Each structure stands twice: as structure tokens, then as C-alpha cells.
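User: Hi! Could you walk me through a structure with a few questions and answers?

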Amino acid sequence: MPYSFEDFQIGSTFTSPGRTVTEADIVFFSYLSGEWSPLHTDIEYASKTQFKGRIAQGMLILAIASGLIFRTGILDPPYLKALYSIEEMRFRRPVMIGDTLRVRLEVSSKSDRGSDGVVGFKMQVVNQRDEIVVEGTINLLYAKKH
């Protein structure tokens, strides 16, 4: 069901299915972004860091989160207009190859703007142990039904 601005209620929650982060994800993201930090791409280097292995790029995790949010159904046409803003994003834990991520969203605010409105979501990206790896707020611009 497509969601319009009116369909969201403060406190409503949405949870995505899971997705496992692979070595291919990290390599493809390095090609796409041009970010080749040895923390992400060099096994020997990364094994000597506090993380004891390669970790996924933070921006890769946000990209994966975007895809997982899509899978909740809240981004279905025709009402979603745009990503409005991202606020106070915090990277709490490293994401390792093999970690499975899910996104939890809670409607935290609504701002009426006439023919449309902004819906704020508290977002948590969690791993397979239900540990928060990234959290913050995303705001999405939605059209109204009428």
C-alpha cells in the first residue's frame, strides 16, 4: 500500500527484512565511490587495527539502509516526493563482512507544508545480534492524498 503524508502516525514503526553484507559489496562500493581505504580493502592492514578485520564503509551502510527502507514499502510511489534531510547520523559499531543488517524506523515527527508534508523517522540499522550499528533521523517529503 502506498503511504501518503496523512497515513503516518507519530510512533508508528516499520522494520525491514535483513540483508547480509558481503565482500563484493565492499569492493563494488570502493569502485563506485573511489574510496579505497585499507581499512576496507586490505586484509593484512585491517587485521592489525582495533577492528581486527575489514569493515564496511559507513556510506555503504547508509546505501544498504536506503535499499532496506525501500523494502518496508514506505517509499512506494506515488506519494513519496523526495529525501528531505538526514540528521545526526551516528556510526555506533563497525559492520563486518557477513553481518546481516535490518532497519528499524519510528515516525518521530510530521510537518504539514500545504500540499505536502515532511515525515521524520528515527532510524536504527541493527546487526544480527540486534546491536545498533548506525542511528539517526531521516526526513522524507510526501504528497497528501487530497
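Here are some questions and answers on this predicted model.

User: Happy to start with helix 4: how far apart are its end C-alpha atoms?

Analyst: Good place to begin. Helix 4 runs over residues 58-70, which makes 13 residues.

User: Which elements cover the buried residues of helix 4?

Analyst: The buried residues of this helix are L60, I61, L62, I64, A65, L68 and I69. Their cover includes helix 1 (23-33) and strand 2 (19-20), along with strand 3 (80-91), strand 4 (100-112), strand 5 (116-126) and strand 6 (132-143).

User: Is T137 buried or exposed?

Analyst: T137 sits in strand 6. Leaving aside neighbours within four places in sequence, T137 is in contact with S85, I86, E87, M89 and F121. The cut-off for buried is under 20% relative accessible area. T137 has 19% relative accessibility, so T137 counts as buried.

User: On to charges: how many salt bridges does the structure hold?

Analyst: Several pairs can be named here. R129 and E131 meet in one of them, at 3.2 Å from N to O, and K81, R113 and D116 are linked in a network. The total for the structure is eleven salt bridges.

User: Where do R104 and D130 lie in the chain?

Analyst: The side chains of R104 and D130 form a salt bridge, with 2.6 Å from N to O. This pair links distant parts of the chain, 26 residues apart. Both ends are partly exposed, R104 at 26% relative accessibility and D130 at 42%. R104 lies in strand 4, and D130 in the loop between strand 5 and strand 6.

User: Last one: how far apart are the closest N and O atoms of E88 and R90?

Analyst: E88 counts as exposed, at 57% relative accessibility, while R90 is partly exposed, at 39%. A salt bridge needs a side-chain nitrogen within 4 Å of a carboxyl oxygen. E88 and R90 do form one, and their closest N and O atoms are 3.9 Å apart.

How values were computed. Residues are numbered from 1 along each chain as its sequence is written. This is a predicted model: local features need pLDDT of at least 70, side-chain atom pairs count only at pLDDT 80 or more; totals for chains, interfaces and linings use all residues. Side-chain values use heavy atoms; hydrogens and water are left out. Helices (H or I, at least four residues) and strands (E, at least two) are DSSP runs, numbered from the N terminus. The expected span of a helix is 1.5 Å times one less than its number of residues. Buried means under 20% relative accessible area, exposed over 50%, partly exposed in between (1.4 Å probe, protein chains only). Contact means heavy atoms within 4.5 Å.
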